[in-house]
Amino acid sequence: MIVVNISAILVIDLKTDANIIEGVIYMDKQKIIDEIIKLKREKDAIILAHNYQIPEVQEIADVVGDSLALSRAASNVDNKMIVFCGVHFMAESAKILSPDKKVLLPAKDAGCPMADMVTAEKLREYKEKNPDTYIVCYVNSSAAVKAECDICCTSSNALKVVSSVDAEKILFVPDRNLGNYVKNKVKDKQIDLWPGFCITHHRVKESEVIKAKEAHPDALVLVHPECNENVVKMADFVGSTSQIIEFATKSSSKKFIIGTEMGILHQLRKLNPDKRFYLLSPGFICANMKKTGLNDVLNALKYERFEITVPEDIRAKALISLQRMMDIK
């Protein structure tokens, strides 16, 4: 098993002096960081970054966390501007929760294939045929889909959310793997699963877990519930990115096999320099999460570009499902 150096993912065109070419700024890495800090202060901006972002972006962020932590941060922002280093649905959620803030997505094409696997139109068709079914929506979905749902959840609170629902019949959208994980834990609900999945987590196979365990027999296996059921069953711990970080940090064990996107290794190693972390699969790379670089953050701040907007009628409905999630402690 190879310990992956995720800093190698970042590629920046470094030049001695700053130049502007077709609206893109190129300068020395430290100058980029200094300029980001300066602009952030001048424009009263806060930078939120997901645990899957590249190390350099995580380091300049004000808040780094999983979807739930970032949602809570976005809902309590005092700043005028939010620069969201993640993917589109995350920035949309920030706009839904803080409509009076300007929300910027530095990499405009950073999407989520799983979120695209469910549409508002298809969900409405399901609801017409199943009017008595309560819809639980994974936060990895569009604003339009959230607007059609009863409550949202994240990977860190999905069990708590579904358990709290006063309904026997539930549809979990769009991730069938997270939904199946919940279904296996919450036995008093009839849970149907939408056929969506995370392409990064779903492709990991049991054979890779076996190989990793053989290479590191004294390491604990920590995986994300977006992995398929067979992989989840082989894990010593299953949780969101923040829960994986917390578990590894508090654990007395010194070696861990990490079954989620490689960006999490930065925080794990930063918080636990005396522990060893091995990536479960070399396929744990989300191309969309790796689209945001320091130049993108700088350009977002400088030009206030790639602003996220959500039509008010959709935002108001989506807010209901998100707020219901936020109200669950």
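**Note on salt bridges, a cavity and backbone features**

1. K169 is partly exposed, with a relative accessible area of 35%, where buried means under 20% relative accessible area, exposed over 50% and partly exposed in between, for a 1.4 Å probe and protein chains only. The model is predicted, so local features need pLDDT of at least 70 and side-chain atom pairs count only at pLDDT 80 or more, while totals for chains, interfaces and linings use all residues. Residues are numbered from 1 along each chain as its sequence is written, and side-chain values use heavy atoms, with hydrogens and water left out.

2. K169 has a salt-bridge partner in D132, their closest N and O atoms being 3.3 Å apart; a salt bridge here is a side-chain nitrogen of Lys or Arg within 4 Å of a carboxyl oxygen of Asp or Glu. Because D132 sits in the loop between α5 (120-129) and β7 (134-138), whereas K169 belongs to strand β9 (residues 169-173), the pair ties together parts that are 37 residues apart in sequence. Helices (H or I, at least four residues) and strands (E, at least two) are DSSP runs, numbered from the N terminus. A search of the whole structure finds 18 salt bridges.

3. Another salt bridge joins K43 to E304, with 3.2 Å between the closest N and O atoms. This pair links distant parts of the chain, 261 residues apart, since K43 is in the loop between α1 (29-42) and β3 (45-50) and E304 is in the loop between α14 (294-303) and α15 (312-327). K43 is partly exposed at a relative accessible area of 22%, and E304 is likewise partly exposed, at 28%.

4. Is each partner in the salt bridge between K101 and D100, at 3.9 Å from N to O, buried or exposed? K101 is buried, with a relative accessible area of 12%, whereas D100 is exposed, with a relative accessible area of 61%.

5. N180 lies in helix α8 (residues 176-185) and is buried, with a relative accessible area of 17%. Leaving aside residues up to four places away in sequence, N180 touches L193 and E229, contact meaning heavy atoms within 4.5 Å. With E229 there is also a polar contact from side chain to side chain, at 3.2 Å; the term stands for a pair of N or O atoms within 3.5 Å, of which, within protein, one must be able to donate a hydrogen and the other to accept it, and residues adjacent in sequence count only if both atoms are side-chain atoms.

6. The structure holds one cavity of 30 Å³ or more, and the largest cavity has a volume of about 60 Å³. A cavity is a set of points, on a 1 Å grid over the protein atoms alone, where a 1.4 Å probe fits but cannot get out, and lining residues have an atom within 4 Å of a point; grid points are joined across faces, edges and corners, and the volume is the space filled by probe spheres set on the points.

7. Which residues line the largest cavity? They are S67, L70, S71, A74, F84, F89, M90, S93, A94, L97 and V139. By class they divide into eight nonpolar, three polar and no charged, with Ala, Val, Leu, Ile, Met, Phe, Trp, Tyr, Cys and Pro counted as nonpolar, Asp, Glu, Lys and Arg as charged, and the others, Gly among them, as polar. Helices α3 (67-75) and α4 (88-97) each supply at least two residues of this lining, and α4 gives the most, with five residues.

8. Within α3, residues S67, L68, L70, S71, A73 and A74 are buried. The elements that cover the buried residues of α3 include β3, β4 (63-65), β5 (81-85), α4 and α15.

9. A144 is found in helix α6 (residues 143-146) and counts as partly exposed, at 28% relative accessibility. Beyond four places in sequence, A144 touches A120 and I314. A144 and P311, although 167 residues apart in sequence, have their C-alpha atoms 9.3 Å apart in space.

10. Some backbone values deserve a look, given that most residues other than glycine have a negative phi and most peptide bonds are trans. The peptide bond from V173 to P174 is cis, with omega near -10 degrees, and P174 is found in the loop between β9 and α8. D44, in the loop between α1 and β3, has a positive phi, near 50 degrees, and is partly exposed, with a relative accessible area of 28%. F306, in the loop between α14 and α15, has a positive phi near 65 degrees and counts as partly exposed, at 26% relative accessibility.

Methods. 1 Å grid on protein atoms, 1.4 Å probe; cavity = no way out; pocket = protein on both sides within 12 Å on 5 of 7 lines; lining within 4 Å.
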